Amino acid sequence: MRQAGRYLPEYRKLREDFAAPHKSFIDFCLDPVTATRAALQPIKRFPNLSAAILFSDILTIPFALGITPDFSAGSPRLAALREPAQITALIEQYKSCSNEVVNQKLNPVGKSVQLLKKELPATIPLIGFAASPWTLACYLIQGNSTPGFPATQQFLDQHPNTYLQLSALLEEYIIALLWMQQQAGADILQIFDSWGGLAPEEHFEKVISDPLIRIAATVAQWNVPLIIHARSPAATPFNWQRLCSQLPATPGFQRAISPDAKTDLTELLPSLPDDIVLQGNLDPELFTPSRPLSELKAALDRLAQILRNRPWICNLGAGLSPASDLERVQSLFDFLDAFRETSQ
Ligand code: CP3
């Protein structure tokens, strides 16, 4: 889940103090001291949290590629890459130098990881992250968060080869960013394929699973666990079964998946290899003040029942919205404590 953020008053204060006079959200992410403070806020408020996540954003990669996202209107806006020639030019400029560019432009992300590792108790592992190539391409081609990312879908249909070249470039940068985080001390890595469920079924292999499997095969060599998160609207379910059947089963490599709250785990679980850890998939809506606390408790009981025979990381299926109620978040930890006591 997105742990830090606007549902925390201390985050809003930090963000406001930092914004003066002209600092953007990307500046905030790329200021290691500030990003470290933001990442530690949820750990300080909820001492029962069992892991920390780096404070950064998936859109730091477009920034490294010279396309700076603007978050001033809330959801991100970027200079859209709608023409194949723009993408070819980007590839010409940035291919085969990902480690150099990432080290230079995203050096503060590595610094944040190092600072966080110093600050965190040894018992709390740090999760580093990046997006998937598809999710980044959604933003880069569309230029914003228009529902369904129609311009990206159209580009994929009309220029599949150029799309795949862009995807390969993004894959190179994602691996470079994950490598930097691992080298700086990240204990676990996570891929956010936030729009994974939007990729058309006929393109699933080339656009979604092939790149994710190659990224997983690379991370498998580094001795860190990898969690793959994807969101999948009910109309186009993300094909977890297909992805999981091909994720590398390298000895010593812990594979984990984090399906969104809409995914029906009772249907999914029987088809998954036994060693795959499940992270998720509570509905973030359950944390809004309008929802009775009993619903959260019932959802947690249901998850615990479904996942009783599996390694399970209790988490949300997506980030907490700014409207989330802090007491409901605390209740999750209280429920989990009680649950641990009764199941011992
Ligand atoms: O969880 C954490 O504490 C780590 C920080 C984190 C952020 N973004 C900070 C952030 C993480 C893990 C992300 C990942 C991210 N960023 C995703 C994948 C997760 C998901 O929700 O699917 C996506 C899609 C993005 C892109 C993004 N960043 C959007 C669409 C937005 C604006 C809308 C929104 O959700 O707020 C952001 C901004 C953003 N990233 C904020 C935070 C705390 C809010 C910025 C602010 O107003 O201060």
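At what angle do helix 1 and helix 3 pack, and how far apart are their axes? Helix 1 (residues 9-19) and helix 3 (residues 32-45) pack at about 165°, and their axes are 10 Å apart. The model is predicted: local features need pLDDT of at least 70, side-chain atom pairs count only at pLDDT 80 or more, and totals for chains, interfaces and linings use all residues. Residues are numbered from 1 along each chain as its sequence is written, and side-chain values use heavy atoms, with hydrogens and water left out.

**Ligand surroundings**

- The ligand is surrounded by 23 residues (a heavy atom within 4 Å), and the closest are Gln3, Arg6, Tyr11, Asp57 and Ser194.
- This shell comprises 13 nonpolar, five polar and five charged residues (Asp, Glu, Lys and Arg count as charged; Ala, Val, Leu, Ile, Met, Phe, Trp, Tyr, Cys and Pro as nonpolar; the others, Gly among them, as polar).

**Ligand atom pairs**

- A nitrogen atom of the ligand lies 2.7 Å from a side-chain N or O atom of aspartate 57.
- Oxygen atoms of the ligand lie 2.9 Å from a polar side-chain atom of arginine 15 and 3.4 Å from a side-chain N or O atom of arginine 231.
- The protein covers 87% of the 880 Å² of accessible area that the ligand has on its own (Shrake-Rupley method, 1.4 Å probe).

**Helix packing**

- Helix 1 and helix 3 are roughly antiparallel (angles over 145 degrees).
- Helix 6 (residues 98-105) packs against helix 10 (residues 160-184) at about 55°, with axes 9 Å apart.
- Helix 6 and helix 10 are therefore oblique to each other.

How values were computed:
Polar contact = N/O pair within 3.5 Å; in protein donor to acceptor, adjacent residues only side chain to side chain. Axes fitted to C-alpha atoms, helices over the stretch in contact; angles between N-to-C directions. Helix = DSSP H or I, 4+ residues; strand = E, 2+ residues; numbered from the N terminus. Parallel < 35°, antiparallel > 145°, perpendicular 65-115°, else oblique.
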